[in-house]
Amino acid sequence: MSETAARPLRADAERSVRAILEAAERVLSSDPGASMEQIATAAGVARTTIHRRFAHRQALVDALAVSAARQLVQAVEDGRPDTAPPLVALHRITANVLEVKGAWAFALELPAAPGSEAAALHEDIGRRCITVLERARADKLIDEAADLHWLRRVYYALLGESLRGSPDDTDIDTDTLAARIIDTLLHGAGPLT
C-alpha cells in the first residue's frame, strides 16, 4: 500500500502527489512507456519524491486510475443525480464527465483491476447512471420499455465518441456537446418532439 493510501498527507505533500498524478497523465498519454524519471521531471519533483510516494510504477498507475475515478464520481455527484430534475441532471453530469474524461483520458482508459478501488468507483458510477435513467423514465423522457442497461452503454459510447471528436468539433464547448449527447440519447436521429 502506498503512503498516500496509508494516512492523510500534509498540504505540501498532497500538492506534490497531485502534481505527480497530473504529470503522469500528461506524460503517459503521449508515451505509455515513459519512465518514473520522465514523470518526475514533468512534475518538477525529484525522482526520489515519486519513489517515496509510489513504491513502483504500477503503484503510480494504480493511484492515477483511482484519482481519476474519484474525480469522475465527483463529476457525477456535482450533477445532483438524485435531486435535480432528470433532464437537468443528465445534462450537468454529461458536461461534468466530458470535462473530467477530457482531462484524464489516459487514466480513465486504464482497465480497473477486479476488486480494486477504481473498479468499485466505476461500478458506483454505473449504478448512479441507471438511477438517473430510471428517474428520466419516470418523467417520461425515456420509453417505459427501454432497456436501461443498454441505454447506459449507448450513453457511454456517445461520451467516448464525443471525446474522440473530429477536426470539425474543435470549437464546440462542453455544454453544447453535452446537449448533443443528451438529445441523441433521448431522441436518436428522429424528429424532436
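Helices, in the sense used here, are DSSP runs of H or I with at least four residues, numbered from the N terminus.

**Figure 1. Overall arrangement of the protein chain in the predicted model.** The protein chain contains ten helices and zero strands. Followed along the sequence, these elements give the pattern α-α-α-α-α-α-α-α-α-α. The C-alpha trace of the protein chain extends over about 60 × 35 × 30 Å along its principal axes. The protein chain has 193 residues, of which 38% count as buried. Where contacts in the protein chain link residues at least 6 apart in sequence, 65% of them join residues at least 24 apart.

**Figure 2. Helix α2 and its buried residues.** Helix α2 covers residues 11-30, and its 20 residues should span 28 Å at 1.5 Å a residue; the end C-alpha atoms lie 29 Å apart, which agrees with that expectation. The buried residues of α2 are Ala13, Ser16, Val17, Ile20, Leu21, Ala23, Ala24, Glu25, Val27 and Leu28. An α-helix has 3.6 residues a turn, so residues three or four places apart point the same way.

Figure 3. Leaving aside residues up to four places away in sequence, Val27 touches Ala34, Gln38, Ile39 and Ala42. Val100 stands 73 residues from Val27 along the chain, and the C-alpha atoms of these two residues are separated by 17 Å.

**Figure 4. Helix α8 and the helices against which its buried residues pack.** Helix α8 has 22 residues and reaches 32 Å from its first C-alpha to its last, close to the 32 Å expected at 1.5 Å a residue. Among the buried residues of α8 are Ala118, Leu121, Ile125, Arg128, Cys129, Val132 and Ala136. Just after α8, Lys140 adopts a positive phi of about 65°.

**Figure 5. The second largest pocket and its lining.** The space in the second largest pocket amounts to about 550 Å³. Its lining consists of 25 residues, and those nearest the centre of the pocket are Leu72, Val97, Lys101, Tyr156 and Leu159. Two or more lining residues are given by each of α5 (57-78), α6 (86-103), α7 (105-109), α8 (117-138) and α9 (148-164). Helix α9 supplies the largest share of the lining, with seven residues. Sorted by class, the lining comprises 18 nonpolar, four polar and three charged residues.

**Figure 6. The aromatic pair formed by Tyr155 and Tyr156.** One aromatic pair is found in a search of the whole structure. The ring centres of Tyr155 and Tyr156 are 6.3 Å apart and the ring planes stand at 45°, so the pair is classed as tilted; planes under 30 degrees apart would count as stacked, and those over 60 as edge-to-face. Tyr155 counts as buried because its relative accessibility is 5%. Tyr156, at 35% relative accessibility, counts as partly exposed. Tyr156 is also one of the residues nearest the centre of the second largest pocket.

Key. Residues are numbered from 1 along each chain as its sequence is written. This is a predicted model: local features need pLDDT of at least 70, side-chain atom pairs count only at pLDDT 80 or more; totals for chains, interfaces and linings use all residues. Side-chain values use heavy atoms; hydrogens and water are left out. On a 1 Å grid over the protein atoms alone, a cavity is a set of points where a 1.4 Å probe fits but cannot get out, and a pocket is an open set with protein on both sides within 12 Å along at least five of seven lines; lining residues have an atom within 4 Å of a point. Grid points are joined across faces, edges and corners, and a volume is the space filled by probe spheres set on the points. Ala, Val, Leu, Ile, Met, Phe, Trp, Tyr, Cys and Pro count as nonpolar, Asp, Glu, Lys and Arg as charged, and the others, Gly among them, as polar. The expected span of a helix is 1.5 Å times one less than its number of residues. Buried means under 20% relative accessible area, exposed over 50%, partly exposed in between (1.4 Å probe, protein chains only). Contact means heavy atoms within 4.5 Å. Rings of Phe, Tyr and Trp (its six-membered ring) pair if their centres lie within 6.5 Å; planes under 30 degrees apart count as stacked, over 60 as edge-to-face and the rest as tilted.
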